[in-house]
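Please read the following points alongside the sequence and the model.

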Amino acid sequence: MSVSETERNERIRLKLAAWWETNARDLPWRFGRATPWGVLVSEVMSQQTQMSRVVPYWETWMRAWPDAAALADATTAEVITAWGRLGYPRRALRLQECARVVRDRYADELPRTYEELTGLPGIGDYTASAVLSFAFGERIAVIDTNIRRVLARVFRGVESLGGAAAPAERELANRVLPEDTARSVTWNQSVMELGATVCTAKSPLCDDCPVREDCAFLAAGRPGLGERRTRPRQRFAGTDRQVRGLVLNALRGLPTDKDASAGPAGPAGPADAVTGTPVLPRADVEALWTDHIQLDRCIASLDEDGLIEILPDGGVRLPR
DNA sequence: CTCCCGACGA
DNA sequence: TCGTCCGGAG
């Protein structure tokens, strides 16, 4: 790295750090207010889900299950219900599996190596790196869609392309990561935050950007702005994802025994005699979606995922 | 319609 | 490396 390049990087780092001080969103798991486990939960909830939607779920979740051991002891039905409408409910299943591994294999203490973290259910490259940086304060380059976009724009003057992070992108991320450990954490957080709130994909707010004077992308006239960088997202309407969501949403809405005993007598629906888990009868299942071929395919896939259980009479329920 | 702090299996 | 998995906001 040349002297001038080093100086430029340092200038950018200082501006971002100052910007972070006054512009960081006050998320409840930031600024040392959450345990490493709490940070991990926030990262899992944030996978493909906006922070603004995550915050209330995280608050409720952490009150119910403050640590891995508590989550490990919950029933799967409770976990799926608490996941609510965050989307991608398999994440909730994996998070509980993760909690059980942490409790059983790691004595309820989150491991702090990349290899061990990525070995946990639902924890991939991004989440492992984020936990190491944000929860444990280790020096490691965090690579997510926001950071890839910001680094590509500021340092290379181009839009980041879709697909997996290329080796060149990882090299760049490691090259510009501050040597000082504490500064590397602030760097990761500030670059990510800039990408989420200012240096957005389609319409970046360059006038409000703290590094607009140093940005290669802006200097080049923002070539190819808004160019599709990620692979096209699957549409939603009419897909299996929508149908699966309908089924789970119906199951989440069923009154439980707690509702019956606590509140104004809600109609306690049909429940399994042994477990007490509320059951959605086959007739109610069929009322959810007219295409029964697709519906049954989704019921089967939900069962395979462990998100529901199918009873002999065709009714379904959340797993215990 | 696209986008949002991805992970996983085929 | 690609397809799948949710849902809401802009």
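**Note on the predicted model**

1. According to an unreviewed UniProt entry, residues 45-197 carry the annotation "domain: HhH-GPD"; UniProt positions follow the numbering used here, feature names are shortened, and annotations may be inferred rather than shown by experiment. The span 45-197 is 67% helix and 0% strand, and its end C-alpha atoms lie 18 Å apart. Helices (H or I, at least four residues) and strands (E, at least two) are DSSP runs, numbered from the N terminus.

2. This is a predicted model, in which local features need pLDDT of at least 70 and side-chain atom pairs count only at pLDDT 80 or more, while totals for chains, interfaces and linings use all residues. Residues are numbered from 1 along each chain as its sequence is written, chains are lettered from A and ligands numbered from 1 in the order in which they are written, and side-chain values use heavy atoms, with hydrogens and water left out.

3. The axes of helix α2 (residues 36-46) and helix α3 (residues 51-64) cross at roughly 140° and come within 10 Å. Axes are lines fitted to C-alpha atoms, for helices over the stretch in contact, and angles run from 0 to 180 degrees between N-to-C directions. Helix α2 is therefore oblique to α3; angles under 35 degrees count as roughly parallel, over 145 as roughly antiparallel, 65 to 115 as roughly perpendicular and the rest as oblique.

4. Helix α5 (residues 76-83) packs against helix α6 (residues 90-106) at about 130°, with the axes 9 Å apart. This pair, α5 and α6, is therefore oblique as well.

5. Around DNA strand C there are 17 residues, of which Q50, R85, P89, R241 and R244 come nearest; a residue is near a strand if one of its heavy atoms lies within 4 Å of it.

6. Which part of DNA strand C does the side chain of R244 approach? An N or O atom of that side chain is 2.3 Å from a phosphate oxygen.

Terms used. Polar contact = N/O pair within 3.5 Å; in protein donor to acceptor, adjacent residues only side chain to side chain.
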